[in-house]
Structure formats: structure tokens, C-alpha cells
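Welcome to this tour! Open your viewer, get ready to select residues by number, and follow along one stop at a time.

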Amino acid sequence: MYFIGPSGAAKTTAAKLLSAESSFDYYDLDEYFMQSEGDITQYIIQHGYKEYAARNMQLQIKYDLNKITIIVCSSRFMTYLHGTHQDYIKIKDEIESHIFTFLMLPSLALETCVQEIVARQMNRAYLNPVRAKEELKIRRRFQLYSNFKCRVLLTDQIPDQVAANVKQILDTLNKVKQGSINLSLTVQ
């Protein structure tokens, strides 16, 4: 299962809650990067964004995906430049088309999404966020995220409800897989 979307979309929070409530393992690429390489901002300052993206790809590929259930992708993971890594396009396409990929956004309306993401980012003091910079990031990437062909999960609710919504979708898909309900009744 993959959680994708911008910073502040509640990917990590939902993964942690779902993991605790359902005994799923989760793997957060940003957390793993920081354990392996240190502070992301400092890494980008020292090595540049392209090197950060390439290293993030290496860490994603390196991890044994058979041991985990939820992969929380870095906010830009699905929007890297195509030359970031030799396998990037293949991996990106696999993630986008995976039945258990969830694009997390607080809203499908640009202005509402921007307002909510910026508010969430401004509450993360450890990021040293700059309002204008955070707003520009989400404005630039919103259309990219909106064009992904995967399941969208709105995160405009309390985190417990977001995790419960994922669980409900998983339960529904599991019932479909087992043949106990008709596919036409599944959540779109």
C-alpha cells in the first residue's frame, strides 16, 4: 500500500494510526532518509535536490518491500524529474497504478487545498516553514497530484477518521477479492 501526496497531507499521521489500529507495518521514506542520511534540508543544501531525489530513490528500492504494508512516499517522490534514477519511471508507474495507492489531499479544490496544506506546514516549526514558499510548492504541484490515476483520499477530517476511511476501503476491496460483494459496489 502506498500513501502519496504533498507535505502536510496527513500521509504519515494516517499511516501511524492505521499501523497501530490494524497491526500493519509502515515505512516512511522521509523518516528512513533522516535515519540514514540526516536532516533532509541540510542534505539538499550540501548535495543539491537532484542528488537528494536520487538517494531517496535508492533508499526506496533498497528496502525489502515484502516486510512492510504501508509505504509513505516523500512529498515530491511522485513528481521527481524523469532522469532522477534509471528505474524511476517504472517505479512511479507501478506506484500510481497499484490498487492500494492512496493520493492524500485535504481537498480537490486548489484554493482549499493550498490553505489547508499551508496551515498544516506552518504548524511544523521543525521545518522552519516560510508561508510564501509553502504556498508556491503546493500551487506548483497540485495539478500533478490531481492528474494521478489512483484512489484519492480526502484528508479534511481528523486523522482517526482518515485512517478509518482507509481501513474501510481496504475491507471493501478485501470483500471484493473474496467474492463476497459485487465489484460495482466498491468505493471509487
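Begin by selecting Arg139, which is partly exposed with a relative accessible area of 31%. (Buried means under 20% relative accessible area, exposed over 50%, and partly exposed in between, with a 1.4 Å probe and protein chains only.) A word on what you are looking at: this is a predicted model, in which local features need pLDDT of at least 70 and side-chain atom pairs count only at pLDDT 80 or more, while totals for chains, interfaces and linings use all residues. Residues are numbered from 1 along each chain as its sequence is written, and side-chain values use heavy atoms, with hydrogens and water left out.

**Stop 1: the partners of Arg139**

Glu111 forms a salt bridge with Arg139, and their closest N and O atoms are 2.8 Å apart. (A salt bridge here is a side-chain nitrogen of Lys or Arg within 4 Å of a carboxyl oxygen of Asp or Glu.) Glu111 sits in helix H6 (residues 110-122) and Arg139 in helix H7, so this pair ties together parts that are 28 residues apart in sequence. (Helices, H or I with at least four residues, and strands, E with at least two, are DSSP runs numbered from the N terminus.) Glu111 is partly exposed, at 40% relative accessibility.

Together, Glu111, Glu135 and Arg139 are linked in a network of salt bridges.

**Stop 2: another salt bridge**

How many salt bridges are there by this rule? The count comes to seven. One of them joins the side chains of Glu37 and Arg55, at 2.7 Å from N to O. Glu37 is in helix H2 (residues 29-37) and Arg55 in helix H4 (residues 49-62), so the pair ties together parts 18 residues apart in sequence.

**Stop 3: the cysteines**

A disulfide is a covalent bond between the sulfur atoms of two cysteines. The structure holds zero disulfides, taking a disulfide as a pair of cysteine sulfur atoms within 2.5 Å. Cys73 is buried at 2% relative accessibility, and Cys113 is buried at 0%.

**Stop 4: a surface patch**

Turn to Leu108, Val152 and Leu154, which form a nonpolar patch on the surface with about 230 Å² of accessible area together. (Patches are made of residues with over 30% relative accessible area and no salt bridge, joining like charges within 9 Å and nonpolar side chains, namely Val, Leu, Ile, Met, Phe, Trp and Tyr, within 5 Å; areas come from the Shrake-Rupley method with a 1.4 Å probe, and for residues only the protein chains shown count as cover.) Leu154 belongs to strand E5 (residues 151-154).

**Last stop: the whole chain**

Finally, zoom out. The protein chain has eight helices and five strands, and 43% of its 188 residues count as buried. Its C-alpha atoms fill a box of roughly 55 × 35 × 30 Å along the principal axes.
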